[in-house]
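Here is a walk through one protein chain. Keep the structure open and follow each stop in turn.

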Amino acid sequence: MKPALANGRNRRTFADPGPDFPHFGLGRRVLYIRRDLAARATAIFDALARLNRRATSGAGNRGSGFPLKLEGGPVLFARWGRRGGFIRLINSDIYFGGGARPLRELTIANEARLRGIPIAEPLGAVIEAVAPGFYRSAFITRALSGMTLWELLRADDDAVVRAHVVELARRAIDTMHDAGLLHADLNLHNLFISNSGERMTAVILDLDKAQLFNGPVPAAQRQANFARLARSARKLDPDLRYLDKKSHAILTVS
């Protein structure tokens, strides 16, 4: 079955990320995809159908990220929405709200990209209806080559390399704040060191619940962001085995 372009008669009630992301329906799923990839909607639906959304062997600290390989096209990356905390033991991946949350992330991520913030390039989202008002979802970006900051710090014991990637991550965070984006879960897993180009770059991941400001992020919110990042670093590296005091300060002091 081919996906159908949604029209005014069957438009969903959740927020629309705009004309740059037309949406297509197939069964219980609706795919929002960037216009230049719209012709590949069928292939993307097929690739998503082949993924085991319950697998925990994927990328990310919740193991929910998987590559989507399209024949003759770019490699995409799908991050399935997965809950954390105690609630994950009862409900791992079902959300309430009709799908507004991933579409809000798509809208914010697209604006962040236009502002020059170094993020994973947002390409779309898929919403799967489970019951009235309840859904599962996946967020789609262009695939990146590299490691999270935490993975790289553990994999490379070269002090010069570690210091360099920490500096890159700090510059990315400052760029994000200066451009008006407040991350809701800034931690060492959501800072990614990409080697896709000629040199390493730092990229910010996962803008779920992020906020955009018309101007730079206010000082109080910046401090809260850095405090959260410091807690993440202390939890992952309590003995400063991978982040020495200097690097810890560079990364987390506002």
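How many helices and strands are there in the protein chain? The chain holds six helices and 13 strands. This is a predicted model, and every value below was computed from it. Of the 254 residues in the chain, 44% are buried. Now look at contacts between residues at least 6 apart in sequence. Among these, 59% join residues at least 24 apart.

Begin with strand S7, residues 122–131. Is S7 largely enclosed or left open? Seven of its 10 residues are buried, so the rest of the structure largely encloses this strand. S7 pairs with strand S3, residues 29–33, through five bridges, and the two run antiparallel. Find Ile-33 and look across: Gly-124 of S7 stands opposite. S7 also pairs with strand S8, residues 134–142. That pairing is antiparallel too and spans eight bridges. Here Pro-122 stands opposite Thr-141 of S8. S7 and S8 form a hairpin, with two residues between them. Gly-133 sits in the turn and has a positive phi of about 85°.

Next comes an open sheet. Three strands form it, in the order S9-S11-S12, with antiparallel pairing. Strand S9 (146–148) and strand S12 (201–204) are the edge strands. Each has a single partner strand, so one side of each is left without a neighbour in the sheet. Neighbouring strands are turned by 25° against each other on average, direction ignored. Helix H4, residues 159–178, packs on this sheet and touches S11 and S12. The direction of H4 makes about 45° with that of S12.

Three bridges join S9 to strand S11, residues 191–194, and the two run antiparallel. Gly-146 belongs to S9. The bridge partner of Gly-146 in S11 is Ser-194. Leaving aside residues up to four places away in sequence, Gly-146 touches Phe-192, Ile-193, Ser-194 and Asn-195. Is Gly-146 buried or partly exposed? Its relative accessibility is 35%, so Gly-146 counts as partly exposed. Now compare sequence and space. Gly-146 and Ala-202 are 56 residues apart in sequence, yet 9.8 Å apart in space, C-alpha to C-alpha.

Follow the chain beyond S12. Asp-206 lies in the loop between S12 and strand S13 (211–212). Phi of Asp-206 is near 60°, a positive value in a residue other than glycine. Asp-206 is partly exposed, with a relative accessible area of 24%. Lys-209 lies in the loop between S12 and S13 as well. Phi of Lys-209 is near 70°, again positive in a residue other than glycine. Lys-209 is exposed, at 51% relative accessible area.

Now turn to a pair of helices. Two packed helices are described by the angle between their axes and the distance between the axes. Helix H5 (residues 219–236) and helix H6 (residues 245–252) pack at about 150°, with their axes 9 Å apart. That angle makes H5 roughly antiparallel to H6. Which residues make the contact? H5 supplies Phe-226, Leu-229, Ala-230, Ala-233 and Arg-234. H6 supplies His-248, Leu-251 and Thr-252. The residues of this contact divide into five nonpolar, two polar and one charged.

Stay with H6. Ser-247, His-248, Leu-251 and Thr-252 are buried in this helix. Seen down the axis of H6, its buried residues fall within an arc of 110°, so they line one face of the helix. An α-helix has 3.6 residues a turn, so residues three or four places apart point the same way. On the other side of H6, Lys-245 and Lys-246 are exposed. What covers the buried residues of H6? The cover includes helix H3 (149–155), H4, S11 and H5.

End on one residue of that face. His-248 lies in H6. Is His-248 buried or exposed? The relative accessible area of His-248 is 15%, and buried means under 20%, so His-248 is buried. Leaving aside residues up to four places away in sequence, His-248 touches Ala-230, Ala-233, Arg-234, Leu-240, Leu-243 and Val-253. Ala-230, Ala-233 and Arg-234 are among the H5 residues in the helix contact.

How values were computed. Residues are numbered from 1 along each chain as its sequence is written. This is a predicted model: local features need pLDDT of at least 70, side-chain atom pairs count only at pLDDT 80 or more; totals for chains, interfaces and linings use all residues. Side-chain values use heavy atoms; hydrogens and water are left out. Two strands pair if DSSP finds at least two bridges between them. Helices (H or I, at least four residues) and strands (E, at least two) are DSSP runs, numbered from the N terminus. Axes are lines fitted to C-alpha atoms, for helices over the stretch in contact, and angles run from 0 to 180 degrees between N-to-C directions. Contact means heavy atoms within 4.5 Å. Angles under 35 degrees count as roughly parallel, over 145 as roughly antiparallel, 65 to 115 as roughly perpendicular and the rest as oblique. Ala, Val, Leu, Ile, Met, Phe, Trp, Tyr, Cys and Pro count as nonpolar, Asp, Glu, Lys and Arg as charged, and the others, Gly among them, as polar. Buried means under 20% relative accessible area, exposed over 50%, partly exposed in between (1.4 Å probe, protein chains only). The arc is that of the directions from the helix axis to the C-beta atoms.
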